[in-house]
Amino acid sequence: MRKPSRLMPGDTIGIISPSWGGAGLFPHRVAQGIAAIEALGYRARTASHALNHSGYVSDTPEHRAADIHELFVDPAVKMVLSAIGGDHACHLLPLLDFDLIAQNPKILMGFSDSTVLNVAVWQKAGLVTFNGPALLTDFAEYPRMLEYTREAFLRVVTRAEAPGELRPAETWTEEFLAWETRLDQTRPRAMLPSAGWTWLKEGQAQGRLLGGCLESLQHLRGTPYWPDWRGAIFFFETSEEKPEPETVDSMLMDYENMGVFEQINGMLVGRPMLYNDAEKQALRDVILERTRRYDFPVITDMDFGHTAPQMTLPLGCLAEIDTDQQRVAILESAVIE
């Protein structure tokens, strides 16, 4: 296992658009996100093709892969940050030089479709990667990055020590203020009080964090980039496309049929976006049904994924679940000095 160096004041964060070309379509979000990076004391650099957009992607697969290589070999860049997700990071997998990435370990962060890169790089390069905030969604929050997201990000990537116990956010939002009309620049998003996490199944477990967006993980099944689940704590969340509980049921049944649930030690589930209360309960019922044959602990409605704020979860790092103590903790550092 390889760990990247911790992010230090003055370091450069490189920006990629590995899937959708949102950075090219919404320059005001790019500017807001870069301002947030600079306010934290870092520099920002956009990769050569990161601000492009071409149909439903940002650029050709070759150019998008070249951007990743460009930033990983640049000694000034200490972190590679996805601008946003999409649905086509899978284009890049045959083009990526995983040896080059392994030889130049850096923080690689994003969520949603960036799950494809996070998991593939972990599996093929052995590099700890990070399910966490993206430029256009989280860093570009108006008028500033949400405190929970910011503090969770900094705690994981700037300290060469175990991040320790994770805590629920006090408030959350799934409101979308239109970027096209710049409504997103007129007021902060409305926040709702959080009821906390749901401790769905009892138990204690330790294991290495592994997962991401459930729909994006589908791209990896049956490929050389599908990860080794043995002893993992599987975390997943659903996207703004809102797969219905019965759709999630079918996906999780696939995992059960593939033997994944026989291998993992625990399960963490992010707060689903755009679900009403009845749908949230239906999702919990689905998860209980799919995991009833197994004795690992399960926690749902957690603060990661497509709602905000969100925590930063390092893939490959040892974590612990103890439902008796209502405790979830990351037990080892994700970065080194």
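## Aromatic rings

Tryptophan 179, at 9%, counts as buried. This is a predicted model, in which local features need pLDDT of at least 70 and side-chain atom pairs count only at pLDDT 80 or more, while totals for chains, interfaces and linings use all residues. Residues are numbered from 1 along each chain as its sequence is written, and side-chain values use heavy atoms, leaving out hydrogens and water.

The count of aromatic pairs comes to 17 (rings of Phe, Tyr and Trp, the last by its six-membered ring, pair if their centres lie within 6.5 Å; planes under 30 degrees apart are stacked, over 60 edge-to-face and the rest tilted). Phenylalanine 176 and tryptophan 179 make a tilted pair, with 5.7 Å from centre to centre and 40° between the planes. Tryptophan 229 and phenylalanine 234 have ring centres 4.9 Å apart and planes at 70°, so their pair is edge-to-face. Both tryptophan 229 and phenylalanine 234 are buried. They also belong to a cluster linked by ring pairs, along with Trp226, Phe236, Tyr255, Phe261, Tyr294 and Phe296.

## The nonpolar core

Now let us look at the core. In soluble globular proteins, nonpolar side chains tend to be buried together. Here the largest nonpolar core has 98 residues, and Phe234, Phe261, Met267 and Leu268 have the most contacts inside it (such a core is a set of buried Ala, Val, Leu, Ile, Met, Phe, Trp, Tyr and Cys residues joined through side-chain atoms within 4.5 Å). Helix H5 (residues 115–125) gives the most to this core, with seven residues (helices, H or I with at least four residues, and strands, E with at least two, are DSSP runs numbered from the N terminus).

Leaving aside neighbours within four places in sequence, methionine 267 is in contact with residues including Phe234, Phe236, Phe261, Ile287, Thr291 and Phe296 (contact means heavy atoms within 4.5 Å).

## Helix H10

Helix H10 covers residues 277–291, and its 15 residues should span 21 Å at 1.5 Å a residue; its end C-alpha atoms are 21 Å apart, which agrees (the expected span is 1.5 Å times one less than the number of residues). The buried residues of H10 are Glu279, Lys280, Leu283, Arg284, Val286, Ile287, Arg290 and Thr291. They cover an arc of only 160° around the axis, which puts them on the same side of H10 (the arc is that of the directions from the helix axis to the C-beta atoms).

On the other side of H10, Asp277 and Ala278 are exposed. Among the elements covering the buried residues of H10 are strand E11 (232–237), helix H9 (245–257) and strand E12 (266–270). Asparagine 276 caps the N-terminal end of H10, with a side-chain oxygen 3.1 Å from the backbone nitrogen of alanine 278.

Aspartate 303 lies between E13 and strand E14 (313–315) and is buried, with a relative accessible area of 0%. A polar contact of 2.7 Å joins the side chains of aspartate 303 and tryptophan 197 (a polar contact is a pair of N or O atoms within 3.5 Å; within protein, one must be able to donate a hydrogen and the other to accept it, and residues adjacent in sequence count only if both atoms are side-chain atoms). The side chain of aspartate 303 also reaches the backbone nitrogen of alanine 169 at 3.1 Å.

Glutamate 175, in the loop between E7 and strand E8 (192–193), is partly exposed at 23%. Its side chain reaches the backbone nitrogen of alanine 190 at 2.6 Å. Glutamate 175 and threonine 307 are 132 residues apart in sequence, with 8.5 Å between their C-alpha atoms.

## Backbone details

One joins tyrosine 142 and proline 143, with omega about 0°. Another runs from alanine 308 to proline 309, with omega near 0°, and proline 309 is in the loop between E13 and E14.

Serine 112 has a positive phi of about 60° although it is not a glycine. Serine 112 sits in the loop between strand E4 (107–110) and H5 and counts as buried at 10%. Glutamine 326, also not a glycine, has a positive phi near 45° and counts as partly exposed at 48%.

Terms used
Buried means under 20% relative accessible area, exposed over 50%, partly exposed in between (1.4 Å probe, protein chains only).
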